[in-house]
Amino acid sequence: MAKFRVGRVGEQIKKEISSIIQTELKDPRIGFITVTGVDVTNDLSLARVYISILGSEEQKEETLKAIGRANGFLRSELGRRVKLRHTPVMEFRFDSSIAYGSHIESLLAKINKDSLESK
C-alpha cells in the first residue's frame, strides 16, 4: 500500500512544482523548464525532481542555479498546496531523456534519408 501512496504523492508534487515554476517564479534566468518526473523516498523526506531544460549548456547551468536559489520558496509553496505532515526536501537533477530522444530521432531521420537517396 505504501508504494501506491508514494507514487500518488510523487505525481502530485510533479504537478504542483510544474505549476509553481510556470506561474510563480519570476526569475529571468529561468528558461523553458519541463518537470519530467519526481522520485520520492518511502518515508517522503526527499523528493528528487527531474527537470529538462531547453537551451545551451550555459543556460542550463544558470537555470539550475536559479532553481537552487528558489528551492526554499518552492518548498514553502509546495507545503501550502500539498497537505503532508512534513514537506519533502527537494533535490533538482537534469533529465536528458528528452534531448536524447530528439538526438535518436534525428539520427533515424538521417538514416532514413540516406537509405532513400541510395535507392
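1. Nonpolar surface patch. In this predicted model, five residues form a nonpolar patch on the surface: Tyr-100, Ile-104, Leu-107, Leu-108 and Ile-111. Together they have about 500 Å² of accessible area. One of them, Ile-104, is placed in helix α4, which covers residues 97-118. Ile-104 is partly exposed, since its relative accessible area is 32%, and membership of a patch requires over 30%.

2. Overall surface. Of the 119 residues of the chain, 29% count as buried.

3. Order of elements. The secondary structure consists of four helices and three strands. Read from the N terminus, the elements follow the order α-β-β-α-α-β-α. Helix α1 takes in residues 2-23, strands β1 and β2 take in 33-40 and 46-53, helix α3 takes in residues 71-81, strand β3 takes in residues 89-94, and helix α4 takes in residues 97-118.

4. Overall dimensions. The chain has a radius of gyration of 18 Å, whereas a compact globule of 119 residues would have one near 14 Å. The C-alpha trace spans about 65 × 40 × 20 Å along its principal axes.

5. The buried side of helix α3. Leu-74, Glu-77 and Leu-78 are buried in helix α3. They lie on the same side of α3, because they cover an arc of only 100 degrees around the axis. Two of these residues return below: Leu-78 is in contact with Glu-16, and Glu-77 belongs to a network of salt bridges.

6. Glu-16 is located in helix α1. Is Glu-16 buried or exposed? Its relative accessible area is 12%, so Glu-16 is buried, the cut-off being under 20%. With neighbours within four places in sequence left aside, Glu-16 is in contact with Leu-78, Arg-81 and Val-82.

7. The pair Glu-16 and Arg-81. Side chains of opposite charge can pair when their charged atoms come close. Glu-16 forms a salt bridge with Arg-81, and the closest N and O atoms are 3.4 Å apart. Because Glu-16 lies in helix α1 and Arg-81 in helix α3, the pair ties together parts that are 65 residues apart in sequence.

8. Glu-24 counts as partly exposed, at 34% relative accessibility.

9. The salt-bridge network. Which residues are linked in a network of salt bridges? They are Glu-16, Glu-24, Glu-77, Arg-80 and Arg-81. A search of the whole structure finds seven salt bridges.

10. A bridge between strands. Arg-48 and Glu-91 form a salt bridge in which the closest N and O atoms are 3.3 Å apart. Arg-48 lies in strand β2 and Glu-91 in strand β3, so the pair ties together parts that are 43 residues apart in sequence. Arg-48 counts as partly exposed at 26% relative accessibility, and Glu-91 is likewise partly exposed, with a relative accessible area of 28%.

11. The backbone at Leu-44. Leu-44 is not a glycine, although it has a positive phi of about 60 degrees. Leu-44 is placed in the loop between β1 and β2. Despite this loop position, Leu-44 is buried, with a relative accessible area of 12%.

Key. Residues are numbered from 1 along each chain as its sequence is written. This is a predicted model: local features need pLDDT of at least 70, side-chain atom pairs count only at pLDDT 80 or more; totals for chains, interfaces and linings use all residues. Side-chain values use heavy atoms; hydrogens and water are left out. Patches are made of residues with over 30% relative accessible area and no salt bridge: like charges are joined within 9 Å, nonpolar side chains (Val, Leu, Ile, Met, Phe, Trp, Tyr) within 5 Å. Accessible areas come from the Shrake-Rupley method with a 1.4 Å probe; for residues, only the protein chains shown count as cover. A salt bridge is a side-chain nitrogen of Lys or Arg within 4 Å of a carboxyl oxygen of Asp or Glu. Helices (H or I, at least four residues) and strands (E, at least two) are DSSP runs, numbered from the N terminus. Buried means under 20% relative accessible area, exposed over 50%, partly exposed in between (1.4 Å probe, protein chains only). The arc is that of the directions from the helix axis to the C-beta atoms. The radius of gyration is taken over C-alpha atoms; the globule rule is 2.2 Å times the number of residues to the power 0.38. Contact means heavy atoms within 4.5 Å.
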